[in-house]
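Visitor: I would like to go through this entry term by term. Please set each value against its definition.

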Amino acid sequence: MPRTLGIITIGQAPRDDIASLFAIHAPAGTKVILRGALDGLPDAEVDGLKPENGADTLYTRLRGGRDVKISKKAVIARSPAAFAKLRADGCDVLVYACTGDFPPLAGDEGVVFPSRVLNGLATGLLPRGGRLGILIPLPEQAGKLTSKWARPGLEIVAEALAPSAGEGEAGEAARRLASHKPDLVAMDCMSYTPTTKEWVKGPLGVPALLAITATGRVLREMLE
């Protein structure tokens, strides 16, 4: 029987870009339902969810395509309700569509977190350490995300690239990152697309892990 994939975005539904990319990797006939942690909030209230500092900063795209920086604490507080709604929708598998590092959340049992998928891949590909390059949405996230990836023997080098950037900006960011000679690159945001990867992989010259497609392949294994 066809199965149902539930997607939680840290912003608002709809996010057809994310839903369609996950659907590509899901088995044929899979139903996809996407809900946002900020669904139901008016723009003025969303704009009031300002980050307290770099560690509290998340990047997302709202309904209508507006890019915003929002408070991670606010997203965490609203996420359990989104989990509950998707479970009530009858979803067989849930994915939290953000590469951030999150504490245990109410109702997150069995939920796939892309940050854990990417970290597992990086650990498997660089088991004895090396130099990991990360592409991140915002410069102010560099300290927090470098700490997230850190482990003994692994050096982290970060470069900011807005997911909404064009080919020229993506190429420049990739060349800056390539100058640090990473062994592997992780694209640390769900809003980076396969097109973004195409733009950066030539200048990088090393394998790049794209969060949404890496996670999509894991979800296929779970849904088949």
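This is a predicted model: local features need pLDDT of at least 70, side-chain atom pairs count only at pLDDT 80 or more; totals for chains, interfaces and linings use all residues.

Visitor: What makes the radius of gyration agree with a compact globule?
Guide: The radius is taken over C-alpha atoms, and the globule rule is 2.2 Å times the number of residues to the power 0.38. For 224 residues a compact globule would come near 17 Å, and the protein has 17 Å, so the two agree. Along its principal axes the C-alpha trace spans about 50 × 40 × 35 Å.

Visitor: Why is L209 called buried?
Guide: Buried means under 20% relative accessible area, exposed over 50%, and partly exposed in between, using a 1.4 Å probe and protein chains only. L209 has 13%, therefore it is buried. Buried residues make up 51% of the 224 in the protein.

Visitor: Which residues does L209 touch, not counting those up to four places away in sequence?
Guide: With contact meaning heavy atoms within 4.5 Å, L209 touches L118, L121, A122, L125, L184, V185, A186 and M187. L209 lies in strand β9 (residues 208-210), where a strand is a DSSP run of E with at least two residues and a helix is a run of H or I with at least four, numbered from the N terminus.

Visitor: What makes a set of residues a nonpolar core?
Guide: The members are buried Ala, Val, Leu, Ile, Met, Phe, Trp, Tyr and Cys residues joined through side-chain atoms within 4.5 Å. The largest such core has 52 residues, and I7, F22 and L132 have the most contacts inside it. Its largest share, 5 residues, comes from helix α8 (residues 211-223). Apart from it lies another core of 25 residues, among them L58, A82, F83 and F113.

Visitor: How many cavities of 30 Å³ or more are there, and what makes a space a cavity?
Guide: On a 1 Å grid over the protein atoms alone, a cavity is a set of points where a 1.4 Å probe fits but cannot get out. Points are joined across faces, edges and corners, and the volume is the space filled by probe spheres set on them. The structure holds 1 cavity of 30 Å³ or more, and the largest cavity has a volume of about 170 Å³.

Visitor: Which residues line the largest cavity nearest its centre?
Guide: Lining residues have an atom within 4 Å of a point. There are 19, of which I10, Y59, C98, T99 and C189 lie nearest the centre. Strand β3 gives the most to this lining, with 3 residues.

Notes
Residues are numbered from 1 along each chain as its sequence is written. Side-chain values use heavy atoms; hydrogens and water are left out. On a 1 Å grid over the protein atoms alone, a cavity is a set of points where a 1.4 Å probe fits but cannot get out, and a pocket is an open set with protein on both sides within 12 Å along at least five of seven lines; lining residues have an atom within 4 Å of a point.
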